[in-house]
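Thanks, everyone. Have the model up on your screens, and let's walk through it.

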Amino acid sequence: GFFIQFVFMIGFLVYYCLTDAGVQPNLYILLTPVVLIQLAVLGMGFGMIISSLTTKYRDLAMVVSFGVSLWSYCSPVAYDMFSRPQLAQGTIFYNVYMLNPVTPAINAFRYAFLGTGEIDWMFYLIGWAITLVVVVLGALMFSKAEKTFMDTV
């Protein structure tokens with residue numbers, strides 16, 4: 001699914017670049033594999049945590065779908081966070097918002113492909129640190145829960 005959408009996005013990117021629509025991709029596009037790896041590792045970490053917890057707490061599966069929807073609203077997926085004055089750099093809201101490890105990654109994509117916004121390297125590195133903590137925690141929880149999977153399933 002992702003690669004099909006990515007091909008369409010590249011097609012639209014070329015079209016908008018050729019029609020001079022204000023889209024300005026830059027060399028940060030070369031960071032795309034690094035950002036994709038971060039998001040994949042983050043997803044794997046949360047997946048291990050959730051699968052470990054759902055073996056014991058069955059109702060958690062229903063909460064997860066709500067949590068994913070809520071997380072997408074807490075990440076600048078459908079809007080540019082830099083167009084919102086309450087999220088101006090240096091404010092407490094900006095700092096809290098950027099602690100979401102997905103936010104700096106999305107901002108990096110947006111800056112690399114569209115040329116809008118900016119990449120805050122400090123928060124991008126903090127996002128990587130959070131990602132690594134999540135995947136290590138997920139691996140530990142999964143390995144502990146793995147021993148009792150057959151007993152609880």
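Start at Ile 4, which sits in helix α1, residues 2-18. Helices here are DSSP runs of H or I, at least four residues, numbered from the N terminus. A word on the source: this is a predicted model, where local features need pLDDT of at least 70, side-chain atom pairs count only at pLDDT 80 or more, and totals for chains, interfaces and linings use all residues. Residues are numbered from 1 along each chain as its sequence is written, and side-chain values use heavy atoms, with hydrogens and water left out.

Back to Ile 4: buried or exposed? Ile 4 counts as exposed, because its relative accessibility is 57%. The cut-offs: buried is under 20% relative accessible area, exposed is over 50%, and partly exposed is in between, with a 1.4 Å probe and protein chains only.

Now α1 itself. The helix has 17 residues and reaches 24 Å from first C-alpha to last, close to the 24 Å expected at 1.5 Å a residue. That expected span is 1.5 Å times one less than the number of residues. Just after α1, Asp 20 takes a positive phi of about 55 degrees.

Next, α5. This helix covers 102-114. Its 13 residues reach 18 Å, close to the expected 18 Å. How many of its residues are buried? The count is 11 of 13, so α5 is mostly covered by the cut-offs I gave. Among the buried ones are Ile 106, Ala 108, Phe 109 and Phe 113.

On a 1 Å grid over the protein atoms alone, a cavity is a set of points where a 1.4 Å probe fits but cannot get out; a pocket is an open set with protein on both sides within 12 Å along at least five of seven lines; lining residues have an atom within 4 Å of a point. Grid points are joined across faces, edges and corners, and a volume is the space filled by probe spheres set on the points.

The largest pocket holds about 440 Å³. It has 14 lining residues, with Phe 2, Met 9, Val 77, Ile 106 and Phe 109 nearest its centre. Which element gives the most to that lining? That is α5, with six residues.

There are two cavities of 30 Å³ or more. The largest cavity has about 40 Å³. Its lining includes Tyr 28, Val 35, Phe 109 and Ile 119. Again α5 supplies the largest share, four residues.

Methods. Helices (H or I, at least four residues) and strands (E, at least two) are DSSP runs, numbered from the N terminus.
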